[in-house]
Amino acid sequence: MTILEKFSLKGQRALVTGASQGIGLACARALAQAGAHVILTSRDQALLETAVAGLAAEGLIAEWQLLDVTDSAACTALAAKLGPLDVVVANAGIARSGTAAELAEDELVQDVMNTNFYGVLYTARAFGGQMLGAGKGSIVAIGSISGDISNRPQNQSYYNASKAAVHHLIRSMATEWAARGVRVNAVAPGYVETQMTKYAMEDDPVMAAKWMELTPMGRAGQPDEISSVVLFLASSASSYMTGSVVTADGGYTCW
């Protein structure tokens, strides 16, 4: 098998959560460009329809399914409906800022944990269970550098904790499932230009400037720069990798 063939997903089926925009949509595009039949999921049907139409216009094979990743039963039901998949990208996530003292008991804290951590757990458990039955598959979670560091200048302790939980979850699942043919890895992006970072990129120039000052490459990442890493982890090009958290942050965590 040539190196290019190792990156091919021809004939495979892949699912991406939170795929209607941003990094999720970029991941769906990358997997489809590699030959996969991609299933995009999110809670917003209108955005999903637009995203799938855009991919179809590019000649890519894609469909959409509504899914709330915080609903364990919904994840299990969709997994049963779709049958075994080859690749699952657990991307759905939300970001909220605030100090632990201010929001430790706030409903927003639960929202962050439910989406960022439990959403990955429920997704991996439901679709990974089907992979275990088939004896093969690759799961890629979208973590964050926030799972490894305390971001600055903003305060977001519970968001950071949710991403740290994702990183350890994938390491633990990887060791449990490796002998059964299922690989589990994660990507930890730095600051990427998406709707999630728009609040600072456009509305808080002081914060955005600080982020860029702390990024050795001096710029934000683009969604397709993260999806390239996801494709690598999803494909057989990374066949000897499981339990890895691959950082893509322009050097931010090197200081």
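**Helix packing and the parallel sheet**

Colleague: Is the crossing in which α6 passes α7 right-handed or left-handed?
Modeller: In this predicted model, the axes of α6 and α7 come within 8 Å and cross at roughly 15 degrees. Because angles under 35 degrees count as roughly parallel, α6 and α7 are roughly parallel to each other. As for the hand, the crossing in which α6 passes α7 is right-handed.

Colleague: How many nonpolar residues does the contact of α6 with α7 have?
Modeller: On the α6 side the contact includes Val109, Val112, Met113, Phe117 and Leu121, and on the α7 side Tyr158, Tyr159, Val166, Leu169 and Trp177 are among the residues that take part. Dividing the residues of the contact of α6 with α7 by class gives 3 polar, 2 charged and, for the nonpolar class, 15.

Colleague: How are α4 and α6 placed relative to each other, roughly parallel or roughly antiparallel?
Modeller: Helix α4, residues 72-82, packs against helix α6, residues 107-134, at an angle of about 25 degrees, with the axes 9 Å apart. Because that angle falls under the cut-off of 35 degrees, α4 lies relative to α6 roughly parallel.

Colleague: How many charged residues are in the contact of α4 with α6?
Modeller: The two helices make a right-handed crossing, in which residues of α4 including Cys75, Leu78, Ala79 and Leu82 meet residues of α6 including Tyr122, Arg125, Ala126 and Phe127. By class, the contact of α4 with α6 has 8 nonpolar residues and 4 polar ones, while the number of charged residues is 1.

Colleague: How many nonpolar residues does the contact of α2 with α10 have?
Modeller: α2 passes α10 in a right-handed crossing, and there Ile23, Ala26, Cys27 and Leu31 are among the α2 residues that meet α10, whose side of the contact includes Pro223, Ile226, Val230 and Leu231. Sorted by class, the contact of α2 with α10 has 2 polar residues and 1 charged residue, and for the nonpolar class the number is 10.

Colleague: Which are the edge strands of the open sheet?
Modeller: The open sheet of 7 strands has parallel pairing and the order β3-β2-β1-β4-β5-β6-β7. An edge strand pairs on one side only, and in this sheet the edge strands, at 62-66 and 245-248, are β3 and β7.

Colleague: Which residue of β6 stands opposite Ile139?
Modeller: On one side, β5 pairs with β4 in the parallel sense over 4 bridges, and Ile139 of β5 is the bridge partner of Val88. On the other pairing, 6 bridges join β5 to β6, which run parallel, and the residue of β6 that stands opposite Ile139 is Val184.

Colleague: How many residues of β5 are buried?
Modeller: Gly137, Ile139 and Ala141 point one way from β5, Ser138, Val140 and Ile142 point the other way, and all are buried. Helix α7 lies across β5, β6 and β7, running at about 160 degrees to β6, and helix α10 lies across β4, β5, β6 and β7, running at about 165 degrees to β6. The strand β5 is mostly covered, with a buried count, out of its 6 residues, of 6.

Colleague: Is Leu48 buried or exposed?
Modeller: Leu48 is found in helix α3, residues 45-57, and, leaving aside its neighbours within four places in sequence, Leu48 is in contact with Ser20, Leu40, Thr41, Ser42, Trp64, Gln65 and Leu66. Its relative accessible area is 0%; because under 20% is the cut-off for this class, Leu48 is buried.

Colleague: Which residue stands opposite Val16 in β2?
Modeller: Strand β1, residues 13-16, and strand β2, residues 37-42, run parallel and are joined by 4 bridges. Within this pairing, the residue of β2 that stands opposite Val16 is Leu40.

Colleague: What is omega for the peptide bond from Arg152 to Pro153?
Modeller: Pro153 is found in the loop between β5, residues 137-142, and α7, residues 157-177. The peptide bond from Arg152 to Pro153 is cis, with omega near 5 degrees.

Technical notes:
Residues are numbered from 1 along each chain as its sequence is written. This is a predicted model: local features need pLDDT of at least 70, side-chain atom pairs count only at pLDDT 80 or more; totals for chains, interfaces and linings use all residues. Side-chain values use heavy atoms; hydrogens and water are left out. Axes are lines fitted to C-alpha atoms, for helices over the stretch in contact, and angles run from 0 to 180 degrees between N-to-C directions. Angles under 35 degrees count as roughly parallel, over 145 as roughly antiparallel, 65 to 115 as roughly perpendicular and the rest as oblique. A crossing is left-handed if the near helix is turned anticlockwise from the far one by less than a right angle, and right-handed if clockwise. Contact means heavy atoms within 4.5 Å. Ala, Val, Leu, Ile, Met, Phe, Trp, Tyr, Cys and Pro count as nonpolar, Asp, Glu, Lys and Arg as charged, and the others, Gly among them, as polar. Two strands pair if DSSP finds at least two bridges between them. Buried means under 20% relative accessible area, exposed over 50%, partly exposed in between (1.4 Å probe, protein chains only).
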